[in-house]
Amino acid sequence: MSHDDHHSVVIPAPGPEFKPHTVAHHFDTPVQEFQSAKLGFWLFLATEILLFGGLFAAYFYFHEQYPETFVVGGKQLDWRLGGLNTCVLLLSSWTMAMGVRAAQTSQKKKLLMYCGLTVLGAAIFMVIKFFEYKAKSDHGLFVFSEMLGGYDTATGQLPWFTDIHGVMAGVPHGHMFFAIYVTMTGIHGLHVIIGAGLIIWIMFGAAKGRFHAGYYLPVDLVGLYWHLVDLIWIFLFPLLYLVP
Amino acid sequence: MSDAHDSHGDFGDLQMGTHHVSSALQFTSVLIALLFLTIITVAVAQFDFGGANMLIAMGIASVKAALVILFFMHVKYDTAINKIMFLSSFLFLSLLFIFTLADRATRQMDHRAHTIKTPVASEWVHPNTLNSDH
(Lines give C-alpha, C1' and ligand atoms only; values in the text may rest on other atoms or scores of the structure.)
Protein backbone atom coordinates (compact mmCIF):
# COMPACT_ATOMS: atom_id res chain seq x y z
CA MET A 1 0.00 0.00 0.00
CA SER A 2 1.33 3.39 -0.94
CA HIS A 3 1.53 6.02 1.79
CA ASP A 4 0.66 8.69 -0.74
CA ASP A 5 -2.96 7.73 -1.23
CA HIS A 6 -4.77 9.10 1.79
CA HIS A 7 -8.11 7.45 1.41
CA SER A 8 -9.16 6.29 4.89
CA VAL A 9 -10.02 2.73 5.78
CA VAL A 10 -13.57 2.38 7.10
CA ILE A 11 -14.80 -0.49 9.25
CA PRO A 12 -18.48 -0.99 8.43
CA ALA A 13 -21.11 -0.98 11.17
CA PRO A 14 -22.52 -4.47 11.88
CA GLY A 15 -26.08 -3.14 12.11
CA PRO A 16 -28.28 -0.06 11.84
CA GLU A 17 -27.87 0.78 15.53
CA PHE A 18 -24.10 1.05 15.09
CA LYS A 19 -21.77 3.51 13.40
CA PRO A 20 -18.88 2.66 11.06
CA HIS A 21 -15.37 3.37 12.32
CA THR A 22 -12.93 5.38 10.21
CA VAL A 23 -9.35 4.31 10.88
CA ALA A 24 -7.13 7.30 11.73
CA HIS A 25 -5.36 8.45 8.57
CA HIS A 26 -1.86 7.82 9.94
CA PHE A 27 -2.58 4.09 10.15
CA ASP A 28 -2.64 1.83 7.11
CA THR A 29 -4.89 -0.85 8.58
CA PRO A 30 -7.30 -1.34 11.49
CA VAL A 31 -4.93 -4.01 12.84
CA GLN A 32 -2.10 -1.48 12.95
CA GLU A 33 -4.32 1.06 14.70
CA PHE A 34 -5.46 -1.47 17.28
CA GLN A 35 -2.00 -2.87 18.01
CA SER A 36 -0.35 0.56 18.26
CA ALA A 37 -2.92 1.85 20.73
CA LYS A 38 -2.83 -1.34 22.73
CA LEU A 39 0.99 -1.38 22.96
CA GLY A 40 0.97 2.26 24.09
CA PHE A 41 -1.65 1.53 26.72
CA TRP A 42 0.27 -1.45 28.10
CA LEU A 43 3.32 0.83 28.41
CA PHE A 44 1.17 3.34 30.32
CA LEU A 45 -0.09 0.56 32.62
CA ALA A 46 3.54 -0.49 33.22
CA THR A 47 4.27 3.05 34.46
CA GLU A 48 1.22 2.80 36.71
CA ILE A 49 2.61 -0.40 38.23
CA LEU A 50 5.88 1.43 38.90
CA LEU A 51 4.05 4.47 40.37
CA PHE A 52 2.32 2.25 42.92
CA GLY A 53 5.51 0.16 43.19
CA GLY A 54 7.31 3.08 44.83
CA LEU A 55 4.54 3.33 47.42
CA PHE A 56 4.61 -0.42 48.07
CA ALA A 57 8.40 -0.22 48.51
CA ALA A 58 7.84 2.52 51.12
CA TYR A 59 5.25 0.31 52.82
CA PHE A 60 7.59 -2.69 53.02
CA TYR A 61 10.50 -0.54 54.23
CA PHE A 62 8.58 1.06 57.08
CA HIS A 63 6.76 -2.17 57.89
CA GLU A 64 10.21 -3.69 58.49
CA GLN A 65 11.25 -0.65 60.49
CA TYR A 66 8.19 -0.35 62.76
CA PRO A 67 6.33 -3.69 62.58
CA GLU A 68 4.35 -3.12 65.80
CA THR A 69 3.25 0.33 64.54
CA PHE A 70 1.82 -1.26 61.41
CA VAL A 71 0.06 -4.05 63.32
CA VAL A 72 -1.58 -1.61 65.76
CA GLY A 73 -2.35 0.82 62.92
CA GLY A 74 -3.96 -1.92 60.85
CA LYS A 75 -6.24 -2.81 63.77
CA GLN A 76 -7.67 0.73 63.62
CA LEU A 77 -9.06 -0.05 60.15
CA ASP A 78 -12.25 -2.08 59.80
CA TRP A 79 -11.33 -5.19 57.79
CA ARG A 80 -15.03 -5.89 57.20
CA LEU A 81 -15.38 -2.61 55.28
CA GLY A 82 -12.10 -3.30 53.47
CA GLY A 83 -13.26 -6.82 52.64
CA LEU A 84 -16.61 -5.54 51.42
CA ASN A 85 -14.83 -3.04 49.19
CA THR A 86 -12.60 -5.85 47.90
CA CYS A 87 -15.69 -7.82 46.86
CA VAL A 88 -17.23 -4.70 45.29
CA LEU A 89 -14.11 -4.10 43.18
CA LEU A 90 -13.82 -7.77 42.16
CA LEU A 91 -17.48 -7.77 41.09
CA SER A 92 -16.97 -4.52 39.17
CA SER A 93 -13.97 -6.05 37.41
CA TRP A 94 -16.23 -8.92 36.35
CA THR A 95 -18.91 -6.51 35.05
CA MET A 96 -16.21 -4.59 33.13
CA ALA A 97 -14.86 -7.80 31.58
CA MET A 98 -18.41 -8.74 30.62
CA GLY A 99 -18.86 -5.22 29.18
CA VAL A 100 -15.80 -5.59 26.94
CA ARG A 101 -17.19 -8.96 25.87
CA ALA A 102 -20.52 -7.33 25.01
CA ALA A 103 -18.68 -4.76 22.86
CA GLN A 104 -16.71 -7.52 21.12
CA THR A 105 -19.96 -9.28 20.27
CA SER A 106 -21.90 -6.13 19.21
CA GLN A 107 -24.39 -6.23 22.08
CA LYS A 108 -25.11 -2.56 22.63
CA LYS A 109 -27.64 -2.81 25.47
CA LYS A 110 -25.50 -5.31 27.40
CA LEU A 111 -22.44 -3.06 27.00
CA LEU A 112 -24.39 -0.12 28.46
CA MET A 113 -25.76 -2.28 31.29
CA TYR A 114 -22.40 -3.74 32.31
CA CYS A 115 -20.69 -0.32 32.13
CA GLY A 116 -23.48 1.13 34.29
CA LEU A 117 -23.03 -1.65 36.85
CA THR A 118 -19.26 -1.02 36.89
CA VAL A 119 -19.81 2.68 37.60
CA LEU A 120 -22.25 1.67 40.35
CA GLY A 121 -19.48 -0.50 41.85
CA ALA A 122 -17.08 2.45 41.71
CA ALA A 123 -19.66 4.65 43.47
CA ILE A 124 -20.30 2.08 46.24
CA PHE A 125 -16.53 1.72 46.72
CA MET A 126 -16.03 5.47 47.08
CA VAL A 127 -18.99 5.90 49.46
CA ILE A 128 -17.60 3.17 51.75
CA LYS A 129 -14.15 4.75 51.47
CA PHE A 130 -15.61 8.15 52.37
CA PHE A 131 -17.08 6.83 55.64
CA GLU A 132 -13.81 5.07 56.46
CA TYR A 133 -11.86 8.27 55.88
CA LYS A 134 -14.37 10.28 57.92
CA ALA A 135 -14.00 7.95 60.92
CA LYS A 136 -10.20 8.21 60.74
CA SER A 137 -10.44 11.99 60.48
CA ASP A 138 -12.83 12.21 63.45
CA HIS A 139 -10.40 10.17 65.59
CA GLY A 140 -7.48 12.41 64.65
CA LEU A 141 -5.63 9.58 62.91
CA PHE A 142 -5.63 11.52 59.67
CA VAL A 143 -7.25 14.93 59.82
CA PHE A 144 -8.07 15.73 56.22
CA SER A 145 -8.51 19.46 56.71
CA GLU A 146 -4.87 19.56 57.88
CA MET A 147 -3.47 17.07 55.40
CA LEU A 148 -0.98 19.48 53.82
CA GLY A 149 0.31 20.78 57.14
CA GLY A 150 3.90 19.97 58.15
CA TYR A 151 5.35 19.94 61.65
CA ASP A 152 4.33 22.88 63.79
CA THR A 153 7.79 24.21 64.66
CA ALA A 154 6.58 25.75 67.92
CA THR A 155 4.99 22.62 69.40
CA GLY A 156 6.67 19.89 67.34
CA GLN A 157 3.28 18.45 66.48
CA LEU A 158 1.86 17.19 63.23
CA PRO A 159 -1.43 19.02 62.68
CA TRP A 160 -2.98 16.08 60.78
CA PHE A 161 -2.20 13.47 63.45
CA THR A 162 -3.70 14.27 66.84
CA ASP A 163 -4.69 10.69 67.83
CA ILE A 164 -7.49 11.90 70.10
CA HIS A 165 -8.02 8.51 71.78
CA GLY A 166 -4.32 7.70 72.01
CA VAL A 167 -4.73 4.38 70.18
CA MET A 168 -1.22 4.65 68.75
CA ALA A 169 0.36 5.82 72.02
CA GLY A 170 2.13 2.54 72.72
CA VAL A 171 4.03 2.27 69.44
CA PRO A 172 6.71 4.45 67.85
CA HIS A 173 5.85 6.83 65.02
CA GLY A 174 2.16 5.97 64.85
CA HIS A 175 1.60 8.60 62.19
CA MET A 176 3.74 6.64 59.70
CA PHE A 177 1.09 3.97 59.17
CA PHE A 178 -1.67 6.50 58.51
CA ALA A 179 0.50 8.59 56.20
CA ILE A 180 1.13 5.49 54.10
CA TYR A 181 -2.50 4.33 54.38
CA VAL A 182 -3.91 7.65 53.17
CA THR A 183 -1.32 8.13 50.41
CA MET A 184 -1.81 4.64 48.96
CA THR A 185 -5.60 4.47 49.24
CA GLY A 186 -5.90 8.13 48.20
CA ILE A 187 -3.99 7.66 44.95
CA HIS A 188 -5.89 4.41 44.42
CA GLY A 189 -9.19 6.23 45.05
CA LEU A 190 -8.19 8.87 42.51
CA HIS A 191 -7.79 6.05 39.99
CA VAL A 192 -11.26 4.72 40.90
CA ILE A 193 -12.77 8.17 40.21
CA ILE A 194 -10.85 8.62 36.94
CA GLY A 195 -11.77 5.08 35.89
CA ALA A 196 -15.47 5.69 36.61
CA GLY A 197 -15.30 8.91 34.55
CA LEU A 198 -13.73 7.01 31.63
CA ILE A 199 -16.40 4.31 31.80
CA ILE A 200 -19.13 6.99 31.71
CA TRP A 201 -17.37 8.43 28.63
CA ILE A 202 -17.48 4.93 27.09
CA MET A 203 -21.22 4.78 27.83
CA PHE A 204 -21.82 7.97 25.83
CA GLY A 205 -19.95 6.45 22.86
CA ALA A 206 -21.76 3.14 23.29
CA ALA A 207 -25.15 4.89 23.29
CA LYS A 208 -24.23 6.41 19.92
CA GLY A 209 -23.33 2.95 18.62
CA ARG A 210 -19.62 3.64 18.19
CA PHE A 211 -18.48 0.32 19.65
CA HIS A 212 -19.10 -3.08 18.05
CA ALA A 213 -17.29 -6.23 16.93
CA GLY A 214 -15.42 -4.23 14.27
CA TYR A 215 -14.22 -1.51 16.64
CA TYR A 216 -14.14 -1.77 20.42
CA LEU A 217 -10.63 -0.42 21.12
CA PRO A 218 -11.60 2.35 23.63
CA VAL A 219 -13.78 -0.10 25.60
CA ASP A 220 -10.89 -2.56 25.73
CA LEU A 221 -8.39 0.07 26.97
CA VAL A 222 -10.70 1.55 29.61
CA GLY A 223 -11.40 -2.03 30.73
CA LEU A 224 -7.67 -2.64 31.19
CA TYR A 225 -7.41 0.55 33.26
CA TRP A 226 -10.28 -0.60 35.47
CA HIS A 227 -8.72 -4.04 36.01
CA LEU A 228 -5.48 -2.32 37.06
CA VAL A 229 -7.43 -0.47 39.78
CA ASP A 230 -8.67 -3.87 40.97
CA LEU A 231 -5.17 -5.33 40.74
CA ILE A 232 -3.69 -2.65 43.04
CA TRP A 233 -6.48 -3.11 45.61
CA ILE A 234 -5.88 -6.87 45.73
CA PHE A 235 -2.51 -6.03 47.36
CA LEU A 236 -3.66 -3.00 49.37
CA PHE A 237 -6.39 -4.93 51.21
CA PRO A 238 -4.23 -7.52 53.03
CA LEU A 239 -1.35 -5.08 53.57
CA LEU A 240 -3.43 -2.31 55.17
CA TYR A 241 -6.47 -4.00 56.72
CA LEU A 242 -4.95 -7.34 57.76
CA VAL A 243 -1.38 -6.18 58.43
CA PRO A 244 0.74 -9.34 58.41
CA MET B 1 -0.82 -7.15 3.33
CA SER B 2 0.44 -9.75 5.73
CA ASP B 3 -2.30 -9.23 8.28
CA ALA B 4 -4.56 -11.88 6.86
CA HIS B 5 -3.56 -14.40 9.52
CA ASP B 6 -4.81 -11.97 12.18
CA SER B 7 -8.19 -11.70 10.62
CA HIS B 8 -11.28 -13.61 11.57
CA GLY B 9 -14.96 -13.37 11.11
CA ASP B 10 -17.08 -11.30 8.81
CA PHE B 11 -14.81 -8.28 8.76
CA GLY B 12 -11.97 -9.96 6.92
CA ASP B 13 -8.95 -7.69 6.60
CA LEU B 14 -10.75 -4.91 8.42
CA GLN B 15 -10.84 -6.86 11.67
CA MET B 16 -8.67 -5.58 14.45
CA GLY B 17 -6.48 -8.60 14.97
CA THR B 18 -6.41 -9.51 18.65
CA HIS B 19 -9.92 -10.29 19.60
CA HIS B 20 -10.13 -13.42 21.56
CA VAL B 21 -13.62 -13.35 23.03
CA SER B 22 -13.60 -15.08 26.40
CA SER B 23 -16.65 -17.03 27.46
CA ALA B 24 -18.89 -15.63 30.16
CA LEU B 25 -18.38 -18.91 32.02
CA GLN B 26 -14.64 -18.29 32.16
CA PHE B 27 -15.09 -14.76 33.56
CA THR B 28 -17.58 -16.01 36.15
CA SER B 29 -15.28 -18.87 37.18
CA VAL B 30 -12.43 -16.39 37.66
CA LEU B 31 -14.71 -14.13 39.74
CA ILE B 32 -15.72 -17.02 42.02
CA ALA B 33 -12.06 -18.00 42.43
CA LEU B 34 -11.16 -14.38 43.32
CA LEU B 35 -13.96 -14.12 45.91
CA PHE B 36 -12.95 -17.48 47.39
CA LEU B 37 -9.32 -16.38 47.64
CA THR B 38 -10.47 -13.17 49.38
CA ILE B 39 -12.15 -15.29 52.06
CA ILE B 40 -8.94 -17.34 52.38
CA THR B 41 -6.97 -14.08 52.75
CA VAL B 42 -9.15 -12.98 55.68
CA ALA B 43 -9.16 -16.49 57.21
CA VAL B 44 -5.38 -16.99 57.28
CA ALA B 45 -4.90 -13.48 58.73
CA GLN B 46 -6.67 -14.71 61.92
CA PHE B 47 -3.73 -17.03 62.67
CA ASP B 48 -0.24 -16.07 63.71
CA PHE B 49 2.34 -17.81 61.57
CA GLY B 50 5.04 -15.34 62.57
CA GLY B 51 7.07 -14.06 59.64
CA ALA B 52 5.20 -16.39 57.27
CA ASN B 53 2.02 -14.29 57.46
CA MET B 54 3.43 -11.71 55.06
CA LEU B 55 4.59 -14.39 52.60
CA ILE B 56 1.21 -16.18 52.73
CA ALA B 57 -0.75 -12.93 52.26
CA MET B 58 1.42 -11.83 49.34
CA GLY B 59 1.33 -15.32 47.84
CA ILE B 60 -2.49 -15.38 47.79
CA ALA B 61 -2.60 -11.79 46.47
CA SER B 62 -0.19 -12.78 43.69
CA VAL B 63 -2.42 -15.69 42.65
CA LYS B 64 -5.40 -13.30 42.57
CA ALA B 65 -3.36 -10.76 40.57
CA ALA B 66 -2.35 -13.48 38.10
CA LEU B 67 -6.02 -14.42 37.57
CA VAL B 68 -6.96 -10.77 36.93
CA ILE B 69 -4.02 -10.21 34.56
CA LEU B 70 -4.34 -13.45 32.59
CA PHE B 71 -8.12 -13.59 32.18
CA PHE B 72 -9.82 -10.25 32.95
CA MET B 73 -7.02 -8.34 31.20
CA HIS B 74 -6.75 -10.99 28.46
CA VAL B 75 -2.96 -11.11 28.76
CA LYS B 76 -3.07 -14.88 28.23
CA TYR B 77 -4.38 -14.24 24.71
CA ASP B 78 -2.47 -11.02 23.96
CA THR B 79 0.45 -10.61 21.57
CA ALA B 80 4.01 -11.38 22.71
CA ILE B 81 5.08 -7.73 22.58
CA ASN B 82 2.19 -6.65 24.82
CA LYS B 83 2.96 -9.46 27.28
CA ILE B 84 6.60 -8.38 27.43
CA MET B 85 5.66 -4.70 27.78
CA PHE B 86 3.40 -5.24 30.77
CA LEU B 87 5.14 -8.11 32.53
CA SER B 88 8.53 -6.36 32.30
CA SER B 89 7.18 -3.78 34.75
CA PHE B 90 7.16 -6.53 37.39
CA LEU B 91 10.82 -7.24 36.63
CA PHE B 92 11.70 -3.59 37.34
CA LEU B 93 9.41 -3.66 40.36
CA SER B 94 11.39 -6.60 41.77
CA LEU B 95 14.63 -4.63 41.30
CA LEU B 96 13.09 -1.74 43.28
CA PHE B 97 11.98 -4.09 46.08
CA ILE B 98 15.19 -6.13 46.21
CA PHE B 99 17.51 -3.14 46.53
CA THR B 100 15.22 -1.26 48.92
CA LEU B 101 14.84 -4.24 51.24
CA ALA B 102 18.53 -5.17 50.89
CA ASP B 103 19.33 -1.65 52.06
CA ARG B 104 16.98 -2.04 55.01
CA ALA B 105 18.37 -5.44 55.94
CA THR B 106 22.04 -4.38 55.89
CA ARG B 107 21.72 -0.92 57.42
CA GLN B 108 22.98 -0.33 60.96
CA MET B 109 19.71 0.82 62.51
CA ASP B 110 19.51 3.56 65.08
CA HIS B 111 18.03 1.57 67.93
CA ARG B 112 16.90 4.68 69.74
CA ALA B 113 14.18 4.87 67.12
CA HIS B 114 12.60 1.78 68.67
CA THR B 115 12.81 3.05 72.23
CA ILE B 116 11.23 6.45 71.77
CA LYS B 117 8.54 6.15 74.37
CA THR B 118 5.48 7.48 72.67
CA PRO B 119 4.27 9.37 69.67
CA VAL B 120 1.59 11.19 71.64
CA ALA B 121 1.48 14.54 69.95
CA SER B 122 2.21 16.68 72.99
CA GLU B 123 5.52 14.89 73.62
CA TRP B 124 6.85 14.99 70.10
CA VAL B 125 10.12 16.64 69.33
CA HIS B 126 10.61 18.44 66.09
CA PRO B 127 13.14 16.50 64.00
CA ASN B 128 15.18 19.64 63.34
CA THR B 129 15.86 20.06 67.03
CA LEU B 130 17.27 16.55 67.50
CA ASN B 131 20.76 17.48 66.33
CA SER B 132 20.78 21.14 67.26
CA ASP B 133 22.11 20.88 70.86
CA HIS B 134 25.74 19.95 70.09
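I started with the surface of chain B in this predicted model: it exposes about 8100 Å², and carbon and sulfur atoms supply 68% of that. The areas are Shrake-Rupley values with a 1.4 Å probe.

Next I looked up burial. Of the 134 residues of chain B, 37% count as buried (under 20% relative accessible area, 1.4 Å probe, protein chains only).

Then secondary structure: chain B has four helices and zero strands, running α-α-α-α from the N terminus on. Helices here are DSSP runs of H or I with at least four residues, strands are E runs of at least two, and numbering goes from the N terminus.

I also checked contacts (heavy atoms within 4.5 Å). Among those in chain B with a separation of 6 or more, 46% come from residues 24 or more positions apart.

Over to chain A. The axes of helix 2 (residues 67–75) of chain A and helix 5 (residues 174–207) of chain A come within 8 Å and cross at roughly 60 degrees. I noted that axes are lines fitted to C-alpha atoms over the stretch in contact, with angles from 0 to 180 degrees between N-to-C directions.

Which residues make the contact? Helix 2 of chain A brings Thr69(A), Phe70(A), Gly73(A) and Gly74(A), and helix 5 of chain A brings Gly174(A), Phe177(A), Phe178(A) and Ile180(A).

Bookkeeping for myself: residues are numbered from 1 along each chain as its sequence is written, and chains are lettered from A in the order in which they are written. Local features need pLDDT of at least 70, side-chain atom pairs count only at pLDDT 80 or more, and totals for chains, interfaces and linings use all residues, while side-chain values use heavy atoms, without hydrogens and water.

Definitions and conventions:
Buried < 20%, exposed > 50% of the residue type's maximum accessible area, 1.4 Å probe, protein only.
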